[in-house]
Structures are given as C-alpha cells and as structure tokens.
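Please examine the structure shown here before reading the notes on its helix packing and pocket.

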Amino acid sequence: MLKAENIKKSYDGLPVLNDVSLQVKEGEILAIIGRSGSGKSTLLRCLNHLEDVDEGSITIQGQSMVTGGVYEKKTALRAICLKMGMVFQNYQLFPHLTVMKNLTQPQMRVLKRTKQEAEKKALALLERVGLSDKADSYPGFLSGGQCQRVAIARALAMDPKILCFDEPTSALDPELTKEVLTVIRDLSREKRTMIVVTHEMRFAREVADRIVFMKDGVIVEEGTPDALMGENISDELKQFMGSYEE
C-alpha cells in the first residue's frame with residue numbers, strides 16, 4: 001500500500017530524518033511512537049507531501065510520489081496525494097465556516113462533487129462520529145474532542161486510501177481523548193489502512209497491528225505490539241513507555 005525508502009529530511013542543516021525506510025500494508029494499522037523531536041511527525045508530513053523530502057522515495061498503491069528526492073509532476077502528484085488523508089493535532093478546521101461547510105467545501109472543490117452529494121456524505125459521516133446535531137455549528141462553539149471528530153469526518157469525506165493521524169489527542173484532556181480514540185477504534189474494526197503518530201501507549205498496544213519506535217530521526221525498533229512490548233521489551237522502549245503510561 002505504502003512504501004518509503006531511505007527518507008532523509010533536514011531543517012537548516014539539522015538532520016530530522018536519517019535514512020528512514022517504512023512499509024504499510026493494505027488494511028494495516030501502524031502506530032508510530034517516540035519522544036518529542038524523534039522525527040515521527042516529520043515522517044508523517046513527508047508521507048503526506050506536507051513536507052518535501054531531501055532524499056529518498058515514496059510509493060503509494062504502486063504509484064511513485066517521489067523517487068530519489070525528485071517529485072512527480074504537479075498533476076500526477078496531486079492525484080497521488082489525494083490517496084492520503086490527514087488529521088492534525090490542532091484540527092485545522094476553518095473557524096469562519098460551519099461544520100457542514102468544513103466537510104462539504106473540500107469535496108466540492110477538490111473532488112468536484114455536487115452540493116447535494118457532498119452534504120449527503122457529510123451528514124452520514126457526522127452521524128458516524130456522533131455529531132449529526134452539530135452540522136450548523138461553528139468550530140469555536142465546539143469542544144476540542146468535537147473539533148477533532150469533525151476533523152476525522154472531514155478527512156474521511158475525501159475517501160482516502162490511507163488515513164493518517166498526527167498525535168490527534170495531544171491537545172485534549174483525558175475525557176475528550178477517550179471520545180476521539182473511540183472513533184479511531186471504530187475505524188480500526190473496518191480494517192482501514194491507518195498510520196497513527198501517538199503517545200497513547202495503551203491505545204497503540206490495543207489497536208495497532210504494528211508499532212514503529214523512533215529516536216533521533218531513525219527507526220530503532222519495529223514489530224507487533226506483543227513482540228515489542230511483551231516479555232522481551234528493550235530497556236530503551238521500557239523507559240520510554242514508563243514516561244507515557246496511563
């Protein structure tokens with residue numbers, strides 16, 4: 001489904017990703033964990049082409065996004081990027097638009113759906129995330145958990161092949177965190193392909209098919225939750241988890 005090879009990324013000469021390679025299978029839920037500054041969010045942004053890589057290659061569903069640091073032409077690149085959906089930690093909703101318009105305008109502008117088609121899709125997704133009564137509300141009148149659920153619905157409205165989450169609960173209190181994680185758990189039961197950057201260790205253990213542990217811009221460990229967090233857990237990962245355990 002997704003293959004990244006030898007990804008390198010620096011900011012002002014400071015390496016953030018150093019020769020990172022990663023694969024995600026169709027229907028797989030991958031959790032990326034690591035301390036702040038480990039490169040996990042930068043990796044996710046590179047996979048979504050929100051950041052350009054300096055070197056390396058990324059392929060999504062057999063289509064090349066970037067090869068050897070050289071990106072595809074604009075039209076092809078845009079089509080490939082539409083295969084990826086992104087949910088940000090700070091929601092990125094348009095504050096001047098209602099919840100309904102936050103969901104329908106991207107569909108109408110990017111996917112060229114009619115207003116009727118876009119609204120039908122939006123209403124179904126709002127019901128799915130438990131917010132069908134908030135269609136006419138503005139983001140400023142919603143809780144953080146509600147805003148994040150709207151953001152998830154908006155990402156789903158674009159019919160992505162891979163759904164990505166960048167620490168979706170980092171700005172939320174425990175009760176609101178539970179709301180958002182419940183929605184993601186529900187999505188996991190559908191065998192959607194998802195990449196989740198998270199600091200929620202219990203969630204990663206329970207939901208992810210595979211976990212990647214990053215440090216200093218490289219992947220230091222990866223495997224199933226049982227393999228990584230079982231009896232043979234490394235001292236480094238054990239120490240890291242101890243900082244985030246609920």
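The model is predicted: local features need pLDDT of at least 70, side-chain atom pairs count only at pLDDT 80 or more, and totals for chains, interfaces and linings use all residues. Residues are numbered from 1 along each chain as its sequence is written, and side-chain values use heavy atoms, with hydrogens and water left out.

**Helix H4**

- Helix H4 comprises the 14 residues 115–128; helices (H or I, at least four residues) and strands (E, at least two) are DSSP runs numbered from the N terminus.
- Ala118, Ala122, Leu125 and Leu126 of H4 are buried (under 20% relative accessible area, with exposed over 50% and partly exposed in between; 1.4 Å probe, protein chains only).
- These residues cover an arc of only 100° around the axis, which puts them on the same side of H4; the arc is that of the directions from the helix axis to the C-beta atoms.
- The face turned away from the buried side of H4 carries the exposed residues Gln116, Lys120 and Glu127.
- Just after H4, Gly130 takes a positive phi of about 75°.

**Largest pocket**

- A pocket is an open set of points on a 1 Å grid over the protein atoms alone, where a 1.4 Å probe fits, with protein on both sides within 12 Å along at least five of seven lines; lining residues have an atom within 4 Å of a point.
- The largest pocket holds about 740 Å³ of space, the volume being that filled by probe spheres set on the points, which are joined across faces, edges and corners.
- Of its 23 lining residues, Leu82, Met84, Pro106, Val110 and Met158 are the closest to its centre.
- Helix H3 supplies the largest share of the lining, 6 residues.

Key: The expected span of a helix is 1.5 Å times one less than its number of residues.
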